[in-house]
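Colleague: I am new to this structure. Could you walk me through how to read it?

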Amino acid sequence: MSQLLHLGTSFVPSSSTALRRNPAFSPAIHISGYKRTTIQAKIREIIMPALSSTMTEGKIVSWVKSEGDKLSKGESVAVVESDKADMDVEIFYDGYLAAIMVEEGGVASVGSAIGLLAEAEDEIADARSRANYSPSSSSPSPAAAPEKAVEAPGQAAPVKAAETVTVAKMTSSTHPASEGGKRIVASPYAKKLAKELNVDLGNVVGSGPIGRIVAKDVEVAAAAGVSFAAEDPKPSPSSAPVKVPVSTGIELGTVVPFTTMQSAVSRNMVDSLAVPTFRVGYTITTDALDALYKKIKSKGVTMTALLAKATALALVKHPVVNSSCRDGKSFTYNSSINIAVAVAIDGGLITPVLQDADKVDIYSLSRKWKELVDKARAKQLQPHEYNTGTFTLSNLGMFGVDRFDAILPPGTGAIMAVGASEPTVVATKDGRIGMKSQMQVNVTADHRVIYGADLASFLQTLAKIIEDPNDLTL
């Protein structure tokens, strides 16, 4: 019986042993005895891995390797955009990248083939022909490359010749791979390669989806000598400054499809409508917390870490608020207190998780938070760093928002919206008028598990911790 071995990835360990029938390829046959004869499978599939529990499809951000390249076990072959992050796809076998079946910018379902790996170099041609393959950007003949992009059968994206990639200094106020001129959009591997080759991404025109810069753009730029030193030409003394209107980079009236991340957010928000929720608000005085923050800020402590720590210590005393209901028939008292904190990133939202926040000291928690934010903005978070939260914080206080309600993420019991701390005129216990800094917090909870009295008691405990925050530094 003929069958085809899947090429697994680091994200789906079981896939390396999975078998897919395909009469075109030979199986691996082992004969036991005094002499063992082994006939190795010649061609394996590189499959789209499942990078999170909610991922159903992924987009190829960039191919790190080109067709015909020799690969070693554990080496990255492509960068895939999931619903949460950009992650490398690694291979589990030595061989040659025989065929790219899904081009950069193309989308493939989880478990489907995105490429073929040949065991030997002489198997590459056979792999391409049996995959109904047409040569792509690795074709060696630039003169024969047609002007019009050729679409190979079964491919969702047009195939471009590598020689058509151009490098130029942009003269407009925004770069095609930037979001309104604020940030260059490039694949993680392209950024890494740019640092190694000393290439200024601001001078590179991306050939990926929506102008995204991919690795081959950086390589062409390096060959053309586009470096950081070349980006600062001296202006002519006679030239007068010209005011250029700032462009938002948005073409009004256009219809833009969701990105993979936006699609995931959309699904989660719709799913949350099936959960019966209620909301409870509370006002907390923050003078003591503000004083503590000023005192230890120089040691790298962040306000987000302080709020997460305070919340975690309160949850220790109210485990029901840290519980979750997934099937509508039972609920789980979670064994760990993992505080997820909402972070806005380009094109979406993600919730990096501070695991065991009740047990980690505030200084380590702050360092971990900074690391998670950097990884989130680079779209390099691992699944366990964003999908293990048991309680969520959403803080818009930094934007001056005084109060708001947050939508409960599916699979969790509660989320707390934190507003800005503002000076407020209040009446003191002795009947006098005083000034205190106060913030408003609103908790949205799953009413199947958590009741009003539970939230009221939790918020009272949280207020006591924040108003007397000495325990936060222990």
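Modeller: Start with a term. A residue is buried when its relative accessible area is under 20%. One more point: this is a predicted model.

Colleague: How do the side chains of a strand point?

Modeller: In a regular strand they alternate between the two faces of the sheet. Now take E5. Ile43, Glu45 and Ile47 lie on one side, Arg44 and Ile46 on the other. Both faces are covered, and these residues are all buried.

Colleague: Which strand pairs with E5, and in what sense?

Modeller: Pairing needs at least two bridges between strands. E5 (residues 43-47) pairs with E12 in the antiparallel sense, over 5 bridges. Ile43 stands opposite Ala118 in E12. Arg44 has Leu117 of E12 as its bridge partner.

Colleague: Which other strand is joined to E12 by bridges?

Modeller: Strand E10 (residues 95-100) is joined to E12 by 4 bridges, and the two run antiparallel. Ala99, for instance, has Leu116 in E12 as its bridge partner. E12 itself spans residues 113-118 and is mostly covered, with 6 of its 6 residues buried.

Colleague: Back to Arg44. Which ring does its charged end sit over?

Modeller: The ring of Tyr93. The charged end of Arg44 is 3.7 Å from the centre of that ring.

Colleague: On to helices. How many helices and strands does the chain have?

Modeller: There are 8 helices and 21 strands. Expect 1.5 Å times one less than the number of residues. H6 has 15 residues and should span 21 Å; its end C-alpha atoms are 22 Å apart, which agrees.

Colleague: Is H6 enclosed or open to the outside?

Modeller: Of its 15 residues, 11 are buried, so H6 is largely enclosed by the rest of the structure. Among the buried ones are Leu306, Leu307, Lys309 and Leu315.

Colleague: What is the span of H8?

Modeller: H8 covers residues 452-467, 16 residues in total. From first C-alpha to last it reaches 22 Å, close to the 22 Å expected. Its buried residues include Leu455, Phe458, Leu459 and Ile466.

Colleague: What do the buried residues of H8 pack against?

Modeller: Helices H5 (287-296) and H6 (303-317) are among the partners. So are several strands, including E13 (277-285) and E18 (391-395).

Colleague: How many aromatic pairs are there in the whole structure?

Modeller: The search finds 2. Angles between ring planes over 60 degrees count as edge-to-face. The rings of Phe331 and Tyr333 have centres 5.2 Å apart and planes at 70°, so this pair is edge-to-face. Phe331 is partly exposed, at 39% relative accessibility. Tyr333 is exposed, with a relative accessible area of 51%.

Colleague: Which residues form the tilted pair?

Modeller: Phe391 and Phe458, 5.8 Å centre to centre, with 55° between the planes. This pair links distant parts of the chain: Phe391 is in strand E18, Phe458 in helix H8, 67 residues apart. Both are buried.

Colleague: What share of the whole chain is buried?

Modeller: Buried residues make up 43% of the 474 residues. The accessible surface comes to about 24900 Å², and 54% of that belongs to carbon and sulfur atoms.

How values were computed: Residues are numbered from 1 along each chain as its sequence is written. This is a predicted model: local features need pLDDT of at least 70, side-chain atom pairs count only at pLDDT 80 or more; totals for chains, interfaces and linings use all residues. Side-chain values use heavy atoms; hydrogens and water are left out. Buried means under 20% relative accessible area, exposed over 50%, partly exposed in between (1.4 Å probe, protein chains only). Accessible areas come from the Shrake-Rupley method with a 1.4 Å probe; for residues, only the protein chains shown count as cover. Contact means heavy atoms within 4.5 Å. Rings of Phe, Tyr and Trp (its six-membered ring) pair if their centres lie within 6.5 Å; planes under 30 degrees apart count as stacked, over 60 as edge-to-face and the rest as tilted. A charge sits over a ring if NZ of Lys or CZ of Arg is within 6 Å of the ring centre and within 35 degrees of the ring normal.
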